[in-house]
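Hi,

Here is the structure we talked about. Please look it over; my notes follow.

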Amino acid sequence: MAVRSPTSAHAADRLLTVDEALERILAGVAPLAPRNVPLLDAVGRTLAEDIVAARDIPPFRNSAMDGYAVRGADVARTPARLRVVGAIAAGGMPARAIGSGEAMRIMTGAPMPDGADTVVRVEDTDNGDQIVTVTAATPVGTSVRQAGEDMKRGTTVLTRGTTLRPAEIGLLASLGHPKPLVIARPRVAVLSTGDEVVDVAEEPGPGQIRDANRYSVGAAIWAAGCGPWLRPVVRDTPDDLRRALTDASEADAVVTSGGVSVGDHDWVKPVVSELGTIDLWAIAIRPGRPLAFGELRAGERRVPIFGLPGNPVSALLTFELFVRPALLKMSGRTKLHRPRVRARLVEDVDKPKGLRFFARGVYDEAAGTVRLTGPQGSGILRSMSLADCLIDLPEEGKRVDAGAAVTVILTERPEDH
Ligand code: AMP
Ligand code: MG
């Protein structure tokens with residue numbers, strides 16, 4: 001099939017709003033299939049099964065301290081002298097029950113002997129071997145962990161949809177789940193396009209630049225809990241792009257940068273149209289106006305593809321706004337968006353009229369203010385490096401005055417809605 005020339009691939013006339021574009025993207029992706037993965041690999045994944053405790057945790061009554069297992073009634077008044085009738089270490093079992101006037105040495109985590117209901121800390125005794133003298137009155141039940149006090153057998157302790165953090169990984173380990181069922185980590189192919197683009201280790205020749213986007217976007221993919229799969233730099237020819245995209249379609253999703261404008265060498269739209277479907281949108285946004293979204297066909301599979309603009313700021317910013325929520329949805333997350341707060345702008349900001357402007361900012365939580373990071377050009381990657389937030393300025397107007405209340409997206413924080 002003949003490839004259409006890029007100049008016929010003009011973007012739609014009407015600008016799409018940021019919200020419309022995001023809505024279409026989110027409607028076009030779905031969570032990946034669940035898989036059983038080794039427990040440690042499950043961190044950050046979305047649990048795809050309910051976890052019911054198959055036993056009590058802790059499984060048996062045990063001591064929370066190194067000391068003596070006793071009857072509380074015997075140590076209500078001190079000093080109290082008790083006969084030491086044995087010792088129990090963690091991992092051992094008590095040889096017998098204790099009776100009135102008796103104590104058993106016990107270590108943290110060791111099962112309580114029958115008859116004992118209290119543990120006296122070794123610090124509150126004379127540490128005696130045959131006879132122990134308890135020097136501090138110890139209320140009944142002190143330093144005893146009850147069976148099932150952490151998790152009761154038969155209760156649902158984790159529900160599907162939970163994002164697994166280190167604490168949940170520990171909980172799954174306690175309950176004996178070496179390979180929990182989770183939504184698989186999306187593997188995302190990352191491509192940079194451009195005849196001028198060379199890899200990081202190369203010395204750029206005349207007219208060439210080093211590739212920033214595969215690394216910045218790859219890092220953002222990693223930070224979103226997905227697996228970046230960096231592919232070689234793609235030349236601005238339909239053949240090279242076709243080959244690269246065919247290989248990349250093994251992944252769960254594909255992210256490209258560059259080649260989505262309407263320049264003479266912008267091949268993403270025509271080539272993806274051959275291999276699947278794609279929409280090239282002009283979005284009412286600065287930076288990052290052109291954005292392509294579609295699907296590659298790979299046999300029975302449909303692989304979402306995101307075509308980001310080539311400018312390094314535009315690429316990373318459109319990733320944050322459009323691709324990251326989509327990858328989180330593919331990861332089974334339901335919270336897809338960063339927290340937003342209102343803050344007072346401390347300087348005047350000029351913005352393009354009719355475009356939603358995402359300025360890179362520094363947020364001062366204590367003062368409730370936000371400032372710009374300096375020059376905001378779409379090639380100025382330092383504007384992002386210095387930033388800890390995005391200032392989300394509405395389409396209307398071409399200037400926002402100092403003192404105005406604005407919306408700030410806290411890009412350093414995890415999703416909260
Ligand atoms: P494009 O979207 O392909 O028209 O590229 C827009 C601008 O971004 C041009 O100045 C490109 O040289 C630059 N650019 C494209 N890809 C990259 C990249 N991977 N790293 C750094 N700059 C890039
Ligand atoms: Mg290009």
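Strand 23 (residues 356-364) pairs with strand 24 in the antiparallel sense, over 4 bridges. Pairing needs at least two DSSP bridges between the strands. Helices (H or I, at least four residues) and strands (E, at least two) are DSSP runs, numbered from the N terminus. D364 has T369 of strand 24 as its bridge partner. The hairpin of these strands has 4 residues between them, and G368 takes a positive phi near 70° there. Strand 24 (residues 369-372) also runs parallel to strand 21 (residues 340-345), joined by 2 bridges. Here T369 is the bridge partner of R344.

This is a predicted model: local features need pLDDT of at least 70, side-chain atom pairs count only at pLDDT 80 or more, and totals for chains, interfaces and linings use all residues. Residues are numbered from 1 along each chain as its sequence is written, chains are lettered from A and ligands numbered from 1 in the order written, and side-chain values use heavy atoms, leaving out hydrogens and water.

Next, helix 4 (residues 238-248). Its buried residues are P238, D240, L241, A244, L245 and A248. They fall within an arc of 160° seen down the helix axis, so they line one face of helix 4. The arc is taken from the directions from the axis to the C-beta atoms. Buried means under 20% relative accessible area (1.4 Å probe, protein chains only). The buried residues of helix 4 pack against strands 12, 15, 16, 19 and 20 and helix 5, with contact meaning heavy atoms within 4.5 Å.

Best wishes

How values were computed
Buried < 20%, exposed > 50% of the residue type's maximum accessible area, 1.4 Å probe, protein only.
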